[in-house]
Amino acid sequence: MEPLKEVAGKISFLDKVVWLRQTTSDNDTSPVPGYLFREISALSYESGSNCQQLLDFLVDRLQHKSSHVKLKVLNIMKFLVEKGHPNFCAELRKHATGIQEAISMKK
């Protein structure tokens, strides 16, 4: 029964990828709306796999060439470190190199 639960969790997260991708899109240069920070934070608390998938998604988005996307992702990560699940912060430490590269935003 555990593998079925894991698959259901992945499918649940995939439903949220659409609005996460829109939230961190390059098409809109406006900042991420405040209410979405709370929704993303709640997503980190839904399950351990959602928290990990959210981190993987955000780290992947940091590889985007657009500085607008990188800034949005870094702001979301900052919020999640402060208000998200504690596991998010612990797992984020493993990706410090990628974050440092995004912060430098080499052109």
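Let's start with leucine 58. Leaving out residues up to four places away in sequence, Leucine 58 touches Val73, Ile76, Met77, Leu80 and Phe88. Keep in mind that this is a predicted model.

Where do those partners sit? Helix H3 covers residues 48–61 and helix H4 covers residues 67–83, and the two pack with their axes 9 Å apart, at an angle of about 150°. Angles over 145 degrees count as roughly antiparallel, so H3 is roughly antiparallel to H4. The crossing of H3 past H4 is left-handed.

Now the contact itself. H3 contributes Leu54, Leu58, Val59 and Arg61, while H4 contributes Val69, Val73, Ile76, Met77 and Leu80. By type, the residues of this contact are 8 nonpolar, no polar and 1 charged.

Next, the core. Which residues have the most contacts inside the largest nonpolar core? They are Leu54, Leu58, Met77 and Phe88, in a core of 25 residues. Helices H1 (2–23), H2 (34–46), H3, H4, H5 (86–92) and H6 (96–104) each supply at least two residues of this core.

Last, the chain as a whole. The protein chain has 6 helices and 0 strands, and along the sequence the pattern reads α-α-α-α-α-α. Of the 107 residues in the protein chain, 37% are buried. As for contacts between residues at least 6 apart in sequence, 69% of them join residues at least 24 apart.

How values were computed: Residues numbered from 1 in each chain as written. Predicted model: local features only at pLDDT ≥ 70, side-chain atom pairs only at ≥ 80, totals over all residues. Heavy atoms only, no water. Axes fitted to C-alpha atoms, helices over the stretch in contact; angles between N-to-C directions. Helix = DSSP H or I, 4+ residues; strand = E, 2+ residues; numbered from the N terminus. Parallel < 35°, antiparallel > 145°, perpendicular 65-115°, else oblique. Left-handed = near helix turned anticlockwise from the far one by under 90°. Contact = heavy atoms within 4.5 Å. Nonpolar A, V, L, I, M, F, W, Y, C, P; charged D, E, K, R; others polar. Core = buried A, V, L, I, M, F, W, Y, C linked by side-chain atoms within 4.5 Å. Buried < 20%, exposed > 50% of the residue type's maximum accessible area, 1.4 Å probe, protein only.
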